[in-house]
Amino acid sequence: MRFMYIVTSPHMIGPTPALMEAMGKLSDREIKAGRMIDSGGLMPLATGAQVRIRDGQLSVVDGPFVETKEIIGGYAIFELSGKDEAVAMAKEFMQLHKDYMPGWEGTCELRAFATPAH
Amino acid sequence: MTAADAHRAILAVWRIEQPRLITSLARMLRDVPLAEELTQDALLAALEQWPATGVPEKPGAWLMTIARRRAVDHLRRNRMLERKHELVALDMDQQQQAMPDFDSALDDDIGDEMLRLIFTACHPRLSREARTALALRMICGLTTEEIARAFLLPEATIAQRIVRAKRTLSDSGLAYETPRGEELSQRLSTVLEVVYLIFNEGYTAARGEDWLRPELCNEALRMARVLTAIAPHEPEAHGLLALMELNASRAAARTDAAGEPILLLDQNRTLWDQFQILRGMQALDRARGLGGAGGFYALQAAIIACHAGARTAEDTDWARIAALYAELAAVMPSPIVELNRAVAVGMAEGPDAGLSIADRLVGEPALKTYHLLPGVRGDLLEKLGRHEEARAAFEAAAALAGNRRDQELMKRRADAAAAMKMK
C-alpha cells in the first residue's frame with residue numbers, strides 16, 4: 001500500500017542540524033530498504049500562491065496570506081505492507097523530532113493513496 | 001489494545017527493523033543464517049513482552065539490544081571458540097556498554113551487509129524453492145506462516161525448506177560471503193530470477209485470494225528497489241524493477257469485478273497507476289543510461305513501456321514492439337518470444353506477416369501443448385477471413401487450454417468463427 005506522510009507544525013523554524021542529520025540517515029535507510037519512494041520539504045506559503053474558486057469565481061491569491069495555525073513542512077511517499085507498518089514508520093520519524101529538536105510540536109499525518117475502483 | 005492489535009503492531013515494527021538487525025548480527029557473527037536465527041529470538045522476546053509493556057519508545061533499539069545480546073551469548077557459549085573470537089565477544093560487550101541507547105544504530109550503513117544477505121539467501125547452490133522462501137524470510141522479514149500462506153503451502157513445508165537451506169549454506173561454508181566485481185554481476189542474475197519468480201507468483205494470483213499473494217508483488221518490488229539502491233550500477237536490476245513496476249501498474253485493470261481476467265488491449269487505461277508507470281519509466285531510463293537497453297529484463301520492460309505509454313490500445317506502437325521482441329529473441333531465443341513477435345508483427349504489418357511467423361512455430365516441440373500457439377494462429381486466420389481454418393485452430397486451442405476460463409474463451413471464438421463461415 002502506498003502512503004503519503006504530511007508533516008505540519010505551528011513552528012516557523014526549520015529543523016536543527018542534528019535533526020536534519022538524523023532524518024537524513026533515516027531516509028537513507030528507508031531508500032535502501034526499498035520503502036521510501038519520494039520525499040521533500042516545502043517552503044512557506046509566501047513562496048507560492050493559492051488558486052481558489054469561491055462563489056463561482058476563480059481567483060489567484062498571491063498573498064499576503066492570513067497566518068495559518070499549521071504549516072505544512074514536508075511530505076514523504078512510502079510503499080508499505082499496510083497501516084500498521086505505516087504507523088510504526090511515522091512513530092519512528094516523529095521520535096527523531098522528539099529526540100533531536102526538543103520543544104518542537106507538530107503532527108505527522110499519514111494517508112493511504114486512493115486505489116482505482118472498477 | 002487487543003492482543004491481535006498488539007501482535008500486528010509488533011510485526012509491523014519487526015518488518016521495519018528486521019533488515020538492520022540481521023545485517024548487524026551477520027557482521028558480528030560472520031554467519032548470515034545464524035544471524036537470522038538469533039534475530040528471530042528478538043522477535044519472540046518482543047512478542048512475549050510488548051503486549052504487557054506496550055511497544056517501547058525506540059523499538060528498533062530495544063530489538064537491537066536483545067539481538068546483540070543473543071549474539072554475544074552465542075559467541076561466549078560456543079566452547080569451540082578460538083581466543084580471537086572471545087576478544088570479539090569482549091569487544092561487543094564493551095561496545096554495548098558504550099552506547100546504551102543505540103541511537104547509533106542508525107549509523108550502520110547496511111548497504112554492504114544487505115548485499116551479502118541477499119546474495120546468501122539467493123545462492124545458486126540452493127534450489128529455486130529454497131531461494132524464494134529464504135529471500136522472503138531473510139530479506140523481507142516475512143514469517144514462516146506468512147510465506148506459507150502466500151504460496152498456498154503448509155507451514156511445515158516452508159519451515160523445512162528454510163531449515164534445509166540454511167543447513168546447506170552452513171555446511172557448504174557459504175554462510176558469509178559477498179561476490180564482488182565481475183562475480184557480482186554474474187551472480188546478480190540468480191538474485192533477479194528469484195525476485196522475478198516471487199513477483200510472478202503474486203502477479204498470477206487471482207483476485208479475492210488471500211491478500212498475501214498479491215503482496216508478493218510488493219515484496220518483489222521492494223527487493224528490486226533495495227538492489228537498485230545498494231547496487232546502483234547494475235543495469236539489469238533497474239531493468240527488472242522497471243518491468244515489475246510497469247506490470248504492477250495495471251493491477252487494478254487486469255480483472256473485472258467478478259475476477260475474470262481482462263486482456264491488456266481491452267483494459268480500461270484510466271485504471272492504470274500513472275505514478276507507478278512513471279517510476280517504471282524512470283527505472284527503464286536508468287537501465288538504458290547504464291548501457292543496459294539490450295538486457296533481458298530491460299527489453300521486456302521496454303515492450304511493456306510501449307503499452308504503458310499508449311493512451312489508447314489503437315495508439316500502440318506495434319512496429320516498435322515487434323522490433324523489441326526480435327531483439328529479445330536474440331538475447332534469449334525462445335519459441336514463446338517468437339510467438340509474441342508473431343502477434344506484434346501481425347498488428348504492425350498485417351495478419352499475413354504475423355501468420356507466416358506463427359506457422360513456422362507449428363511442430364516446435366516446446367509449444368506442442370501450448371494452447372496460445374493455435375490461439376494466436378486462430379486469431380490471425382480469422383482476421384484473414386479464413387474462418388474454417390480459424391475454427392479448427394480455436395478448437396485445438398480449447399483442447400489444450402489448461403484452465404476453464406481459457407477453454408471457454410477458445411470455444412467461444414471457435415463458435416464465432418464457425419458462425420462467420422455460415423454467413
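1. Burial first. A residue counts as buried if 20 or more other C-beta atoms lie within 10 Å of its own. By that cut-off, 18% of the 118 residues in chain A are buried. Note that this is a predicted model.

2. Confidence in the complex. The predictor assigns an ipTM of 0.87 and a pTM of 0.88. For chain B, the mean pLDDT is 88. In that chain, 90% of the residues reach 70 or more.

3. Among the chain's elements, helix α13 (residues 296–308) has the highest mean pLDDT, at 98. Helix α4 (residues 83–98) has the lowest, at 57. Residues 97–107 of chain B stay under 50. For this stretch the model has 14 contacts beyond four places in sequence.

4. Layout of chain A. The chain has two helices and six strands. Their order along the sequence is β-α-β-β-β-β-α-β. Along the principal axes, the C-alpha atoms fill a box of roughly 45 × 45 × 20 Å. Of the chain A contacts with a separation of 6 or more, 78% come from residues 24 or more positions apart.

5. Strand pairing in chain A. Strand β1 (residues 2–9) has two partners to check. With strand β5 (residues 71–79), β1(A) pairs in the antiparallel sense over eight bridges. Here Ser9(A) faces Ile71(A) of β5(A). With strand β6 (residues 107–112), β1(A) also runs antiparallel, joined by six bridges. On this side Ile6(A) is opposite Glu109(A) of β6(A). In a regular strand, side chains alternate between the two faces of the sheet.

6. The A–B contact. Chain A gives 20 residues to the contact and chain B gives 27. On the chain A side, the elements giving two or more residues are α1 (17–32) and α2 (83–100). The chain A residues touching chain B divide into seven nonpolar, five polar and eight charged.

7. Helix α9 of chain B. This helix covers residues 181–203, 23 residues in total. At 1.5 Å a residue it should span 33 Å, and its end C-alpha atoms are 32 Å apart, so the two agree. There is still a bend of about 30° at Arg187(B). The buried residues of α9(B) include Leu188(B), Val191(B), Leu192(B), Val194(B) and Val195(B). Also buried in α9(B) are Tyr196(B), Ile198(B), Phe199(B) and Gly202(B). An α-helix has 3.6 residues a turn, so residues three or four places apart point the same way.

8. Helix α11 of chain B. Its 14 residues (235–248) should span 20 Å at 1.5 Å a residue. The end C-alpha atoms are 20 Å apart, which agrees. Burial covers 14 of the 14 residues, so α11(B) is largely enclosed by the rest of the structure.

9. A position to look at: Glu395(B). This residue lies in helix α18 (residues 387–400) of chain B. Is Glu395(B) buried or partly exposed? Glu395(B) counts as partly exposed, because it has 19 C-beta neighbours inside 10 Å, and the buried class needs 20 or more. Glu395(B) and Gly378(B) are 17 residues apart in sequence. In space, their C-alpha atoms are 9.0 Å apart.

Terms used: Residues numbered from 1 in each chain as written. Chains lettered and ligands numbered in written order. Predicted model: local features only at pLDDT ≥ 70, side-chain atom pairs only at ≥ 80, totals over all residues. Helix = DSSP H or I, 4+ residues; strand = E, 2+ residues; numbered from the N terminus. Expected span 1.5 Å × (residues − 1). Bend = angle between axes of the 7 residues up to and from the residue. Buried ≥ 20, exposed ≤ 12 C-beta atoms within 10 Å, placed from the backbone. Contact = placed C-beta atoms within 7 Å. Nonpolar A, V, L, I, M, F, W, Y, C, P; charged D, E, K, R; others polar. pLDDT = per-residue confidence, 0-100. Pairing = 2+ DSSP bridges.
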